[in-house]
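Trainee: Could you walk me through this model before I start working with it?
Mentor: Gladly; have the sequence and the coordinates open beside us.

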Amino acid sequence: MAKISYYTEEGLNKLKNELNDMKTKGRTAIAAQIAEARDKGDLSENAEYDAAKDAQGMHEMKIAKLEEIMSNARVIDESSIDTSQVAVLSKVKIKNRKNGMEVTYTLVSEEEADLKTGKISVGSPIGKGLLGKKVGETTEIKVPAGLMEFEVLDISRFSE
């Protein structure tokens, strides 16, 4: 059974562009490497040719994986996001109960996650721990550093 992933319009377009680049520029570059290695003589003892063929196989595997992700990708309508509880594409402001630090995260799919821009995966420990929580609720989340307690301060839509 395929796993459906929800994306923003921007995130899905980024995936489409990456797939297109891999299919065009990526394949062309690898074909050129194979041709160059083939021109160097005996293929049975040509490590460069073997490496280029291996790279081609890996590249095609990445393309297939990306195509599978794209086939199960859905753009979520931001206006349909329920801000009464944390869900995919919710922007959540949380407070660490131990040190008082406040952080805002947007919960996104695995492929869109980017901590630098405040986007965390719904599959991450914090993402999983926040799903379904409402404003004012606290949750204990097991992270690599140990058990952390967070309070949900605010929930809004991704674009707000």
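Trainee: What kind of model is it, and how are residues numbered?
Mentor: This is a predicted model, in which local features need pLDDT of at least 70 and side-chain atom pairs count only at pLDDT 80 or more, while totals for chains, interfaces and linings use all residues. Residues are numbered from 1 along each chain as its sequence is written, and side-chain values use heavy atoms, with hydrogens and water left out.

Trainee: Which residues does UniProt list for the GreA/GreB C-terminal domain?
Mentor: The unreviewed entry gives residues 83-156 for "domain: Transcription elongation factor GreA/GreB C-terminal"; UniProt positions are in the numbering used here, feature names are shortened, and annotations may be inferred rather than shown by experiment. Over residues 83-156 the chain is 46% strand and 8% helix, with the end C-alpha atoms 6 Å apart. Helices (H or I, at least four residues) and strands (E, at least two) are DSSP runs, numbered from the N terminus.

Trainee: And the N-terminal one, what is its helix and strand content?
Mentor: That annotation, also from an unreviewed entry, covers residues 6-75, a span that is 79% helix and 7% strand and has its end C-alpha atoms 6 Å apart.

Trainee: Back to the strands: how do β3 and β4 pair?
Mentor: Strand β3 (residues 90-96) pairs with strand β4 (residues 102-108) in the antiparallel sense over 5 bridges, where pairing requires that DSSP finds at least two bridges between two strands. They form a hairpin with 5 residues between them, and G100 in the turn has a positive phi of about 80°. As for individual partners, I94 bridges to V103 in β4, and V92 stands opposite Y105 in β4.

Trainee: What sense does β3 take with β7?
Mentor: β3 and β7 pair in the antiparallel sense, over 7 bridges, and N96 has F150 in β7 as its bridge partner. β4, for its part, runs parallel to β5 (residues 119-121), to which 3 bridges join it, and V108 has S121 in β5 as its bridge partner.

Trainee: Which residues of β3 are on its covered face?
Mentor: S90, V92, I94 and N96 make up the covered face, and K91, K93 and K95 the uncovered one. In a regular strand the side chains alternate between the two faces of the sheet.

Trainee: Which residues touch the most other members of the largest nonpolar core?
Mentor: V92, I94, I126 and L130 do, in a core of 13 residues; a nonpolar core is a set of buried Ala, Val, Leu, Ile, Met, Phe, Trp, Tyr and Cys residues joined through side-chain atoms within 4.5 Å. At least two residues of this core come from each of β3, β4, α3 (125-130), β6 (138-143) and β7 (146-157), and β7 gives the most, with 3 residues. Apart from this core lies another, of 10 residues, M22, I63, M70 and A73 among them.

Trainee: How buried is I94, then, and what does I94 contact?
Mentor: I94 counts as buried because its relative accessibility is 1%, where buried means under 20% relative accessible area, exposed over 50% and partly exposed in between (1.4 Å probe, protein chains only). Leaving aside neighbours within four places in sequence, the contacts of I94 (heavy atoms within 4.5 Å) include V103, Y105, I126, L130 and F150.

Trainee: Switching topic, where is E112, and is it buried or exposed?
Mentor: E112 sits in the loop between β4 and β5, and is buried yet has no salt bridge, the nearest side chain of opposite charge being K119 at 4.5 Å. A salt bridge is a side-chain nitrogen of Lys or Arg within 4 Å of a carboxyl oxygen of Asp or Glu; for charge, Lys and Arg count as positive and Asp and Glu as negative, while His and the chain ends are not counted. Beyond four places in sequence, E112 is in contact with Y6, Y7, T8, G11 and K119.

Trainee: Why does S109 count as buried?
Mentor: S109 counts as buried because its relative accessibility is 5%; with neighbours within four places in sequence left aside, S109 is in contact with S5, Y6, Y7 and S121.

Trainee: What is the phi of L89?
Mentor: Phi of L89 is near 70°, a positive value in a residue other than glycine. L89 lies in the loop between β2 (73-75) and β3, and counts as buried at 0% relative accessibility.
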